[in-house]
Amino acid sequence: MSIPALEVDDLQTHFLTRAGVAKAVNGVSFRVERGEILGLVGESGSGKTVTGFSILGLVDPPGQVVGGTVRVGGDVVSGLDDRAMARIRGKRVSMIFQDPMMTLNPVLRIDTQMIETIRAHETISVTAARARAREALALVGIAAPDERLLAYPHQLSGGMRQRVAIATAMLNRPEVIIADEPTTALDVTIQAQILYEVQELCRRFGTALVWITHDLSVVASLADRIAVMYAGRIVEEGPVDDVLDRPLHPYTRGLIDSVPQPGLRGGRLVPIPGMAPALVGLGEGCAFRARCARASMACASQPALRELRPGQRARCVHPLTVGSHAA
Amino acid sequence: MSTAPILELRGIVKRFSTELDLAARLLNLLGAGYRAETVHAVDGVDLTIRRGEVVGLVGESGCGKSTLARVIAGIHAPTDGRLFFEGSDVAAMEGRERARFVRKVQMIFQDPMSSLNPRKRVQDIIGEAPVVHGLVPASEAAAYVDDLLAQVGLDSSYRRRLPHQFSGGQRQRIGIARALAVRPDVLVCDEAVAALDVSIQAQILNLFADLKSRFDLTYLFVSHDLGVVHHLAERVVIMYLGRIVEVAPTAELFREPNHPYAAALLQEVPRLDRRRRRFQPIKGELPSPLDPPKGCHFHPRCPHAMNRCRSEVPPLRRIAPDRWSACHLNDG
């Protein structure tokens, strides 16, 4: 097997709070191949964003990455010091945030920021860097890139800013991009444009993409594979069609049934009862069992992530098998 | 479904203007030429909502859907045009008639935290208005609140708590109970489930469906989420930059949208059953509502735009029974 673009193994990130330790990321493992798009899905507090931040070493205290390995193109990038990490970030792994103003400096012109991003990682003339920045803007569908290079972030619309953030993330042709809900704040028509550009770019340059979102529908249209997170763990993972059409974990099933769908107009949705558990003081065992109709005594010990169909794994004692959809 | 209109909007216009500050006015005396900017948030809307109906109001940011919702709920007075409730002009209402309208049309907001007073207990948040309106004697308010909490699926022991002690979904239930407390006929829900996680969102959508049949309510459901609107609404109104572009029964709209903007919007909604599709997005950005394009507001992004669209505003015309669209293409 070829070396994956991104390999995360047993990642653990804890938040040390006054109330106790919150295991926001609790043993997360996954891999993403070159050119592949992985949708990392979960609700608020599931640990999906902290997973993304942990990969890039961006977790601030009281959070702390306490274990696990992250490999990019086979090289270990976890546990590096700040200087070594700075050489990785923006070069081999980039991040796109939900709010593009987290990427952009409000008091600098777009060209200043983009040229700086290139020159931070290689020795190249300003003129050449500028030409590359211009090209990157054109790639993400920005009309009149020469004018936009001279603009300040506040002069651009939300959709335009997010394009600039994506162009900046792509500047050094990273092997991996982590995108954290980048289209959540955008309108439907603008979201469609951005999903289109991102899809094109990943196919074209073989960039591996981790798309973090709460929105199953976006992942359905974009991703090759899905990983579903709940309370700090991946509970199910597999190809998009398998996970959405034949989910194994009752939580995945619950999420799918919660989304209003065209065929079920006016009917009742099947919500998941209760709400997500607090992470502090979360005991042993399956974290979903309090909300799960299939739970039994056996769920009191933590189930392992098992491959139950080719390529599709789930962390469940009582997985939904073929023919038991109505659970 | 009865057909008597409960709400009727005729030519509703809502403009917001900035006032020039002192410095700008002084500089204008010296010939600087600063001009007050005006946003045409709602630009001439006609709409009829029938009793017992669920109407979905859809559009992207800046299209005026929230402003229109607030005009309907009586929070904003329209700049121009008239709003009728059960056949009488709201602007002409006074005294008890006015109080009745205010009570009968209630609003539910997107962010339940900012719409609930953080220093009041649930008991007062829900129980105050019905006592003021004389629906319930103060001595029976506690029992009344308990009953409402049960209706929205909350335990009556929560009565003494403050809003910050609840999760987002629970807060939205409190917001719904607060609206129901004054026995309204119409609920105007502005992105009422947008801030909730999917699994909680489904719980609240089911609650809305239950309450409708239990209390005989009429809903105006404002949302940017076409999936939610499709699920809940019988009729859908689509707005673009302050104007209605299409009104249609939900099933018909989703089967065959008429307006090019409606078609583009439906085309681009991500759906669970659309896998790894190739997006074919409509081009361009949303224009600024400060300076909307002339003629049809959608013409710069429309694949079918003709010369006429650039100069002439297309009126909202009936194209089939119960279907309306504002597009020059329908003129043949």
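How many residue pairs are in polar contact between chain B and chain A? In this predicted model, for which local features need pLDDT of at least 70, side-chain atom pairs count only at pLDDT 80 or more and totals for chains, interfaces and linings use all residues, side-chain values use heavy atoms, with hydrogens and water left out. Residues are numbered from 1 along each chain as its sequence is written, while chains are lettered from A and ligands numbered from 1 in the order in which they are written.

Between chain B and chain A there are six residue pairs in polar contact, both residues being at pLDDT 80 or more; a polar contact is a pair of N or O atoms within 3.5 Å, where within protein one must be able to donate a hydrogen and the other to accept it, and residues adjacent in sequence count only if both atoms are side-chain atoms. The elements giving two or more residues to the side of chain B that touches chain A are helix H8 (198-215), helix H9 (226-232) and helix H11 (260-268) of chain B, and the largest share of that side, nine residues, comes from H8(B). Helices (H or I, at least four residues) and strands (E, at least two) are DSSP runs, numbered from the N terminus. Chain B contributes 40 residues to the contact and chain A contributes 49 residues, contact meaning heavy atoms within 4.5 Å. The two chains, B and A, bury about 3,900 Å² between them, 55% of it on carbon and sulfur atoms, where buried area is the accessible area (1.4 Å probe) that two parts lose on being put together, summed over both. Salt bridges between chain B and chain A number zero, a salt bridge being a side-chain nitrogen of Lys or Arg within 4 Å of a carboxyl oxygen of Asp or Glu.

Within chain B, B:Gln172 is placed in helix H7 (residues 168-180) and is buried, because its relative accessible area is 1%; buried means under 20% relative accessible area, exposed over 50%, and partly exposed in between (1.4 Å probe, protein chains only). The side chain of B:Gln172 reaches the backbone oxygen of B:Phe109 at 3.1 Å, and, residues up to four places away in sequence not being counted, B:Gln172 touches several residues, including B:Ile108, B:Pro112, B:Leu196 and B:Ile204. B:Cys296, in the loop between H11 and helix H12 (307-311) of chain B, is likewise buried, with a relative accessible area of 13%. Leaving aside neighbours within four places in sequence, B:Cys296 is in contact with B:Cys309, B:Glu312, B:Val313 and B:Pro314.

Backbone geometry in chain A was then examined. Most residues other than glycine have a negative phi, and most peptide bonds are trans. A:Asp10, in strand E1 (residues 6-17) of chain A, has a positive phi of about 55° although it is not a glycine, and A:Asp10 is partly exposed, with a relative accessible area of 38%. A positive phi of about 45° is also found at A:Arg173, which is not a glycine and which lies in the loop between helix H6 (158-170) and strand E7 (176-180) of chain A. The peptide bond joining A:Pro61 and A:Pro62 is cis, with omega about 10°, and A:Pro62 is placed in the loop between helix H1 (48-55) and strand E4 (63-72) of chain A.
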